[in-house]
Amino acid sequence: MKSKTIKLLVIITWIGYMEVKLGVSDSGINFLNEGCSNYNVSSLSNFNTNLNATFGDLRAKLNTGNHFATAQQLDGADGVYAMLQCRDYMSSDECIACFNAASIKIRNCSAANGGRVVYDGCFLRYERNDFYGETTRDANREYCGNRNTSSPETAFQTTVEGLLRDLQTATPRINGFFAASKKEVVGANNASVYGIAQCVHTIDMTGCLACMQVAYTNLQRCPPKADGRAVDSGCFMRYSDRPFFADNQTIDLEPFLKTGSSSTKTALIAGVAGGVGLILLLVGLFAWFKLSRRKSASRGNILGATELRGPVNYSYKDLKSATKNFKEENKLGEGGFGDVYKGTLKNGKIVAVKKLALGQSRRAQADFESEVTLISNVHHRNLIRLLGCCSKGPELLLVYEYMANSSLDRFLFGKRQGSLAWKQRYDVILGTAQGLAYLHEQFHVCIIHRDIKPNNILLDDDFQPKIADFGLARLLPEDKSHLSTRFAGTLGYTAPEYAIHGQLSEKVDTYSYGVVVLEIISGKRSSEMIVDPGSDYLLKRAWKLYENGTHLELVDESLDPNEYEAEAMMRIIEIALMCTQSAPALRPTMSEVVVLLKSKDSLAHRPPTRPPFIESEERAVIQDDKSTSTASSRSNATASITQVSGR
């Protein structure tokens, strides 16, 4: 009996040791939330095989000491993309233990084609589509502890705010996107606040900063609670009045806080000068927001909608100065929504400033701020970033990140024609599909672009694509026809059901995307007509070559045949033709396009059908556009300017 008691004590002691070792009692396997997709896989056995394979790959990478890993398995119809990230302050053993718990917990999603599990120490996620570039999809998730701080509330609130603000600024600038720090609570005996912030490695500095900003805002709702966490697709932020990482893991944030930005300095001065009364007022407001938030928001699903934050408001005077009074030599281009100018802000940052050609109607003024707020919250590595706006001036202005390599059409048809290698072209094809899939299915509001073409696909320094002008159709006056070539699409890229009948859906973008892919492969414009009698425009020619099994005759002659595999090239041409099929229902969704591009399976079971050849209808549309009576009056179009649906 005595022997059994001793053995039991040994077991209990070992379990207790393991809980401390694995972080169960603190920051490791403390469960926060889980979420599952509402859509199921088509083949459970195929899906489970792929899921198990990705989890095996993740485990292998963790065993080598990694704290961040991605893996993908795309065999069959139910491909899987997976991601695992542990907090960098954890040991390798703790990271693996957290992954073990998460990989078991996430099986609760059963046959769902997407799921995620979040712990204090790690998160695990899988999806059918590539989600690696997401930043703020779940931006309304904060988790506040149950315990109030023992420090004076006002001093504690001020310390938390200062620490999180520093983490927000510094983390995107630190290699590896991880920071751990602590601050002493002024006026409290030996009391400190500990905090960490972390972004996933698959987003850039801009995306990390955007995610940090939302996390910082959300965590302001937690004090006077002693600890809190903010969880998002691309980042994690946490604070506590108790240490949850070792002192030797703290990082000196000071070198990463020197931004030269007057806004940061102003915020610091305001925070100090506001006085106790202002701080108490803010604490009361935070508490009120938190209470109303809890009443209105469901805690059961982390796949909820994003809480929108507004863009930076620039003064018209500053933007006028940045562009040298919108000087002609600073003009980057002209688009359907207005001219774009290169500008240099006071802090030296180079931006692109778009003058919206929407007039100053009452509707434009009323809708501008709310719609721009929506657009500014779209964060994806393949979408151009809207930095801010100006609505207080003679014109409505939008401020975007600047792309030094300009637009894709310059490399396909302009001065740098033929300079893109196949690898670069494929990256553009895939990245554009990923950006559209995010707009259509992954952002909490469905945004239909309506004008996908090479001019609206910009290239960054690494020739990665970023889609421009998304969401701007939402700013159109109601009386603008869907057939207006200036505002709502470009002939040659516009799907026939939209151009002729005004029927709008995400498949309109799919059609345009298919045409652009053919242009990228061929180096020819979709509307380019060869003078020779009997010659065809691009889409018609591509279809004839496909029917004859001579796909490769479409490929740009400037491409080196050694740069690509013939079968892979033929497959991409077939995917483009699938996107341009007559019936919208036959076209794949953009998320399906991403899967098809990354999969090596044969498309024999899903051959494309003949695309619509609307040469005569296009000419009629052009004729009507030139006449005083618009074609829309005869087309009986009932579609709205854009389709919006809650996710």
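With the bonded cysteines of the protein numbered in sequence order, the pairing runs 1-5, 2-3, 4-6, 7-11, 8-9, 10-12. The model is a predicted one. The count comes to 6 disulfides. A disulfide is a covalent bond between the sulfur atoms of two cysteines.

One of the bonds joins Cys144 to Cys222, with an S to S distance of 2.0 Å. The angle about this S-S bond is -80°, and the link of Cys144 and Cys222 is left-handed. Distant parts of the chain are linked here: Cys144 lies in strand S6 (residues 141-144), and Cys222 lies in the loop between helix H5 (205-219) and strand S9 (227-231). The two cysteines are 78 residues apart. Cys144 has 16% relative accessibility and counts as buried. Cys222 is buried as well, at 0%.

Cys199 and Cys208 form another disulfide, with sulfur atoms 2.1 Å apart. Its torsion is about 85°, so the bond between Cys199 and Cys208 is right-handed. Both Cys199 and Cys208 are buried.

A further disulfide is formed by Cys211 and Cys235, whose sulfur atoms are 2.1 Å apart. The torsion about this S-S bond is about -85°, so the disulfide of Cys211 and Cys235 is left-handed. This pair also links distant parts of the chain, from Cys211 in helix H5 to Cys235 in strand S10 (residues 235-240), 24 residues apart. Cys211 is buried at 0% relative accessibility. Cys235 is buried at 5%.

Cys389 has its closest cysteine sulfur in Cys390, 7.3 Å away, which is too far for a bond. Cys390 is in no disulfide. Cys389 is buried, at 3% relative accessibility. Cys390 is buried, with a relative accessible area of 1%.

Note on methods
Residues numbered from 1 in each chain as written. Predicted model: local features only at pLDDT ≥ 70, side-chain atom pairs only at ≥ 80, totals over all residues. Heavy atoms only, no water. Disulfide = S-S within 2.5 Å. Helix = DSSP H or I, 4+ residues; strand = E, 2+ residues; numbered from the N terminus. Buried < 20%, exposed > 50% of the residue type's maximum accessible area, 1.4 Å probe, protein only.
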